[in-house]
Amino acid sequence: MRPRHRPAPLGEFELLVLLATLSLGDQAYPVSVAREIEARTGRKASRTTVLITLERMEDKDLVSSRYGEPTPERGGRPKRFFRVKPRGVQATRDSLERIETLTSGLEFVLKSR
Amino acid sequence: MPVPIRPLAWLLRMMSSRHAANAAIGDVLEDLAERRDAGRWPRHPALWANLQIIRAIRLEMLAAAPRLLRSAGLILRDARRAIRAAPAHSLFVVLILAAGIALGTVTFSVVDAVVLKPLPVEHPERLVSIPTRDQDFKQRITPEIYWRLHEHLDSVEDLAARMNMTGTMATVAGITDQVTVTRASADIFRMLRLSPAIGRFWTADDERRGNTDVAVLGYRFWRQQLGGDPSVLGKDVSIGTRTSTVIGVLSSASDHPEVADLTNAPIWVPMVVPRTPSESVLAIVARMRPGVTTAQVAGDVQRLAEAPDWQPAVRRLLDLYVAPVRHWMLLALGAAALVVLVACANAANLMLTRSAARTQEMAIRASLGASRRQIALAVLAEGLLLSLGATTGALLCSIAGVRLAKVAVTTALPGMFRASTISLNGRVLAAAMACAVVTGVLCSLVPAWQTSRAPVSTLLKDSEAPTATGRRRWRSTFLTAEIATVVVLLVVSWLFVVSLIRVTRIDLGIDRTNLLAVMPRLAFRAPVDEVRQRIESVPGVSGVALSRAASLPLFGRAFHGAWWTTTLERADGTSGAGSSVKALQYRVTPNYFAVAGLRFSRGGTWQADAAGGPPAIVLDEQAARRLFGDEDPMGRQVRATEPAGIFTLVGTVPHVYARGAEEDDPPAAYFNLKPDPARIFAGLLVRASRPPEQMLPLLTEVLEPVGPDLKEPFVFAADEAVRRLTATRRFNAGLMSVFGLVGMLIGAAGVYAVMTSFVAQQTREIGVRVALGATPARIQRAMLALAWRHLLAGLALGVPVAWWLSRGLTALLFQVTAADASVYAGVAALLSGVGLMAAWIPARRAARIDPIVSLRR
């Protein structure tokens, strides 16, 4: 079997979405992910942008999606839940490591600000 | 909870999948519910929700663009391969579509140039013409009322008097030419948004101060005749006895080929409408205010003219120019659209046939993971590619076609408005491309649907798929619809051909054989008696008659003429059959009737030197019947208004259709033309013993020294006059016949193709039937019966539609009605004959099928 390539480096927003999705576990769907990003980082994240980002990452095989049961508060429509796949976890780890590498030695500067 | 607009939801589904779109809409609704709970409820929740969905669609589109492009590339590649795999079939489809599209493109280029294109002036839809006379030619807008309109007609921005005088001899800066002169009031320049290239225009102030011996030159005339010389300002313009000074030249914008005679006259001079009561002849144009309708203007004109019994026909200028051809041009466009439809139905049928042959291929693609949508899109793309190919071919043919159409229109219909501007331009190309897309989709929609709905499991089996029945049903439907459309086309063209035959066969009242007319628009340069002697000296001339007042019958309508009338009454005071009769007033020499070939039904002509007693009159039978009913009119006395007096009826002659067969003609009254040696103007009717083509050059030559000083011809043949009068009708009938013929040929090709494919797909079944004892004759009969059933169904559907549509054409027909059974019988016979002939070849092929060979397949 041909070894799979390492996932491509993530963009900043992709990293945020992946982290939020990971922290929400089974309850990650566009509305909750957007809410989570806003609550934890204070950064406004639109639901549609989150959805498009998740779909793009699904194309890259970083996340997978499944449909839940229809609920009345959503006009009888189902939720689309996303889960981070091992490749997605790997990509997150790679990105964080890169940031860590770059920030090492800058603790003094960064903490003092 | 607001519901998203259905098309938006559908679009979102198209961009992703049904489930994903549902979930995304659910997200929007959940977000909305949350806002409600948090007290951030939007003012227009439904609008907010739909805007959110639009945003999602936009982002999905942006994200999907590369993927879509890749898929489109793949679909196009498959379509190209499919076309290459069946070159003969594809070529047939392309040819049929190209024939339809080429015909449609050429027709559109003509109709667009003449009828559809707006006049090239600012807001042309607001320019109107206001009539000054009513239907009886009575002047309703006198100069006095003109000024009332000028000051108080609030529904228009500008109002101007404007009249074109064609064929006027004018001398400009020493150059004499026969030109069109526009006489107009100063407001015309502002109304038509004209500006001077050099110099200035005259103003209302000039008109008020009597400073009116001025002229403005047209741009083209200035460039071509005077070489664009700016020193022309201040030079003299002589028109007749009047001399004016050039004060300006119109800018190049006025010289547009599509503007007709509105702004391209070579010479413009002031038309001063007198403020004192006068009988001046007027013609008025106006620019309506924005948002005003012609009906409003008509109402205001009627009120200001204080004429409650007159409904002025205020018409848009373009309508006025195109009125004579508008109806039949639009009809031609409709007929061309029908031909395109026939071609589409035919191509759809061929593609259905092809899709049946590709069942296995599609099944394999479906089993390899192609979705129904992908398969349908592949067929749609194939249709679009074919129609694109057809359009390219059609456009290439149209280059020659449009040229041909232009030549045909300009020669068959001389003087046709904007005929010189017929061309293959951007508008025509856009229409052709739109036609390509519509035909491509139309002809592949059903095949795409039919191909994509076949279940894989049954397709891969060696048996006939259930969709084959559906496909066959669709093929029958298409063929029936195609035949029905051809029926409509044929009925309409047949009606036009019958009208033409009836128009040309009608007895116009005078004997046209070897009849000619000498009919100048201006006076001769010698007394008419000398002209007459010159004509009589030409070998082959057997009679010359003079006529004045109303123009010579037929010639007057075909070339140039005036229709002088008189009102007749019985002189005995009894009311009789009709109290008064309006009749055409002819003043003729006594030999006029013999020269025209008018045989007296009663009495005879007056004596040349009739003296004493009341003057004589000859009436046509219509006038005599209206005045005297069934009584014997001979010797009765008639009072006429013009020439005023009491006349004794000495004879009656048959009615003459002076303005051609298709126009309502008033009756005619013939009065004695008194001899006058000083007379220099009259029409002369010439009877010859030789054909007109031999006589025309002889007469023209002999009249050269005495003819008026005009470049235009003034000797005409009666047959040429009739040809002119029937030109539009002949062109119509020819055009409609082309549409009918092309439609029928495409229809016949459709019958042939469907029958051929039927035979090809039923070979095995036919083989079994032959093996079981069916004779070739019986097989052939069965095949022909199948074609016959389709023809009958098409006729049953097409005849009522044709009847319903033809009822609207009554105004364009002549002595034939939409309900004429002989027309439908003829069409049915023709179509059945052609259809059965087209089916005969495949039927014969079916009858020759060898059961052994067919069963082995």
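**Two chains, one predicted model**

Hi everyone. Let's start where the chains meet: 18 residues of chain B are in contact with 16 residues of chain A, and "in contact" here means that the C-beta atoms, placed from the backbone, lie within 7 Å. On the side of chain B that touches chain A, the elements giving two or more residues are helix H2 (18-37) and helix H3 (45-85) of chain B. H2(B) gives the most, with 12 residues. That side of chain B splits into 10 nonpolar, 3 polar and 5 charged residues. For those classes, Ala, Val, Leu, Ile, Met, Phe, Trp, Tyr, Cys and Pro are nonpolar, Asp, Glu, Lys and Arg are charged, and the others, Gly among them, are polar.

Quick housekeeping. This is a predicted model, where local features need pLDDT of at least 70 and side-chain atom pairs count only at pLDDT 80 or more, while totals for chains, interfaces and linings use all residues. Residues are numbered from 1 along each chain as its sequence is written, and chains are lettered from A and ligands numbered from 1 in the order in which they are written.

Now chain A. It has 5 helices and 2 strands; helices (H or I, at least four residues) and strands (E, at least two) are DSSP runs, numbered from the N terminus. Along the sequence the pattern goes α-α-α-β-β-α-α. The C-alpha trace of chain A spans about 55 × 45 × 20 Å along its principal axes. Of its 113 residues, 36% count as buried. Buried means 20 or more other C-beta atoms within 10 Å of the residue's own, exposed means 12 or fewer, and partly exposed is in between, again with C-beta atoms placed from the backbone.

On to chain B, with 26 helices and 21 strands. Its C-alpha trace spans about 110 × 85 × 55 Å along its principal axes, and 43% of its 857 residues count as buried. A compact globule of 857 residues would have a radius of gyration near 29 Å, but chain B has 36 Å. That radius is taken over C-alpha atoms, and the globule rule is 2.2 Å times the number of residues to the power 0.38. Among chain B contacts with a separation of 6 or more, 83% come from residues 24 or more positions apart.

A nonpolar core is a set of buried Ala, Val, Leu, Ile, Met, Phe, Trp, Tyr and Cys residues joined through C-beta atoms within 7 Å. The largest has 245 residues, and those touching the most other members are B:Val114, B:Val339, B:Val487, B:Val491, B:Leu516 and B:Ala669. Apart from this core lies another, of 36 residues, among them A:Leu16, A:Ile52, A:Leu54 and B:Ala21.

Back to H10(B) itself. 30 of its 41 residues are buried, so the helix is largely enclosed by the rest of the structure. H10(B) bends by about 75° at B:Ala323, with a proline, B:Pro324, following within four residues; the bend is the angle between axes fitted to the seven residues ending there and the seven starting there.

Last stop, B:Ala85, found in helix H3 of chain B. B:Ala85 and B:Thr176 are 91 residues apart in sequence and 70 Å apart in space, C-alpha to C-alpha.

Note on methods: Contact = placed C-beta atoms within 7 Å.
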